[in-house]
Amino acid sequence: MRILVTGGAGFIGSHIVDQLLADQHEIAVLDNLSTGFRHNVPIDVRFEQADVRDRDAVRRVFADFRPDAICHQAAQMSVSRSVREPSHDADVNVMGLLNVLEQSVAVGVKRFVFASSGGVLYGDVFAPADESHPAQPISPYGISKWVGEQYLQFFAREHGLQTVALRYANVFGPRQNPHGEAGVVAIFCQRMLRREETTINGDGKFDRDYVFVTDVAQANVMALQHNPTATFDAFNVGTAIATDVNVLASELHRTCTAILGRTDATVTIPQPVHGPDRPGDLRSSIVSFGKINTKLGWKPEMQITEGLVETVEWFRIQTDSNH
Ligand SMILES: NC(=O)c1ccc[n+]([C@@H]2O[C@H](COP(=O)([O-])OP(=O)(O)OC[C@H]3O[C@@H](n4cnc5c(N)ncnc54)[C@H](O)[C@@H]3O)[C@@H](O)[C@H]2O)c1
């Protein structure tokens with residue numbers, strides 16, 4: 001298949017590109033490099049530096065590449081920026097999505113996979129939420145993901161486009177940007193490897209469902225390849241396992257100490273400390289994966305402890321090469 005991955009230079013998108021290439025698909029990446037990196041995409045993959053908000057640029061890329069399928073990962077993904085600048089969020093996440101959907105119809109795309117979010121749609125949930133859990137988005141980012149899903153349904157009804165929304169839990173792994181706000185694993189990894197102090201918000205009793213990035217990429221590949229029975233479907237992509245931030249931080253501390261300890265037996269990394277609460281943080285956000293398991297055969301393969309080791313190893317190489 002000819003597949004266009006928007007946001008393919010980002011954290012999740014670049015892992016999707018890697019897996020699609022391994023499956024012999026023909027790939028193009030459209031990305032404006034606002035948070036992604038050209039070096040995340042293999043050099044021989046067709047790369048279009050363009051903004052999804054730029055209708056003419058999107059039209060040109062679609063007319064030229066003529067994809068069969070779209071994997072739409074490009075987004076403004078900062079919740080706090082969405083609160084400060086709701087119109088910017090909607091520009092990228094709603095108007096940008098509409099440009100990509102309209103051009104998909106124009107060139108006869110068959111299948112469209114969209115990166116949605118479990119956490120921001122379901123709000124506080126103390127048992128794994130399934131896809132029928134009511135959407136209660138609070139932030140503009142959550143609203144734009146919800147609106148995105150509504151547009152997918154419209155394009156499915158009106159144009160027969162086969163659309164899938166994948167509602168990710170908390171994704172972690174190599175290439176996550178430690179400068180953003182979303183990735184506690186990435187932020188803590190980088191700081192601990194530099195032997196810097198880490199701060200847990202409030203009492204740290206915030207349950208999250210951490211899913212490894214290669215598992216998320218695999219869910220995208222399966223969604224792109226399956227023959228759907230409906231023109232719209234939504235699937236959670238998570239592990240249904242809750243890990244609180246205190247447990248996560250001490251596991252990361254142990255892993256970083258062990259990995260640095262291979263070359264420096266005297267290494268000491270400051271223990272995480274507790275800081276003020278961050279207003280608005282959900283207490284608990286966990287999703288079930290029963291539906292995607294039944295319909296697409298997907299399940300998470302990576303245990304969190306193994307995933308943390310891979311992630312720390314990757315950040316270690318980055319930290320070393322920056323010195
Ligand atoms: N990381 C998570 O835990 C998580 C959870 C739920 C949903 N998501 C969604 O997954 C998708 C990928 O997120 P990620 O974690 O890989 O983030 P990321 O920031 O690494 O990737 C986003 C990519 O989109 C590109 N991009 C941003 N705005 C663009 C624009 N206007 N035009 C073209 N390209 C643009 C960026 O340069 C980047 O390469 C996003 O849609 C995000 O909302 C992520």
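Ala, Val, Leu, Ile, Met, Phe, Trp, Tyr, Cys and Pro count here as nonpolar, Asp, Glu, Lys and Arg as charged, and the others, Gly among them, as polar. On that scheme the shell around the ligand holds 13 nonpolar, 13 polar and three charged residues. The model is predicted.

**Ligand shell**

The shell counts 29 residues around the ligand. Gly7, Gly10, Phe11, Gly36 and Ala75 come nearest. Helix 1, helix 4 (86-107), strand 5 (111-117) and strand 7 (170-172) each give two or more residues to the shell. Helix 1 supplies the largest share, three residues.

**Overall fold**

The protein has 11 helices and 14 strands. Its radius of gyration is 19 Å, close to the 20 Å that the globule rule gives for 323 residues, so the protein is as compact as a globular protein of that length. The C-alpha trace spans about 60 × 45 × 40 Å along its principal axes. Buried residues account for 46% of the 323 residues. Take the contacts between residues at least 6 apart in sequence: 79% of them join residues at least 24 apart.

**Strand 1 and its partners**

Strand 1 covers residues 2-6 and is mostly covered, with four of its five residues buried. It pairs with strand 2 (residues 26-31) in the parallel sense. Five bridges make up that pairing. Arg2 stands opposite Glu26 of strand 2. Between these two strands the chain passes through helix 1 (residues 11-22), and this β-α-β crossover is right-handed. Helix 1 is also the element with the largest share of the ligand shell.

Strand 1 also runs parallel to strand 4 (residues 69-72), joined by four bridges. Here Ile3 stands opposite Ala69. In a regular strand the side chains alternate between the two faces of the sheet.

Strand 9 (residues 207-208) runs parallel to strand 14 over two bridges. Arg208 stands opposite Ser285 in strand 14.

| Strand pair | Sense | Bridges |
|---|---|---|
| Strand 1 and strand 2 | parallel | five bridges |
| Strand 1 and strand 4 | parallel | four bridges |
| Strand 9 and strand 14 | parallel | two bridges |

Terms used
Residues numbered from 1 in each chain as written. Predicted model: local features only at pLDDT ≥ 70, side-chain atom pairs only at ≥ 80, totals over all residues. Buried ≥ 20, exposed ≤ 12 C-beta atoms within 10 Å, placed from the backbone. Pairing = 2+ DSSP bridges. Right-handed = clockwise from strand over helix to strand, strands pointing away. Rg over C-alpha atoms; globule rule 2.2 N^0.38 Å. Contact = placed C-beta atoms within 7 Å. Near = placed C-beta within 6 Å.
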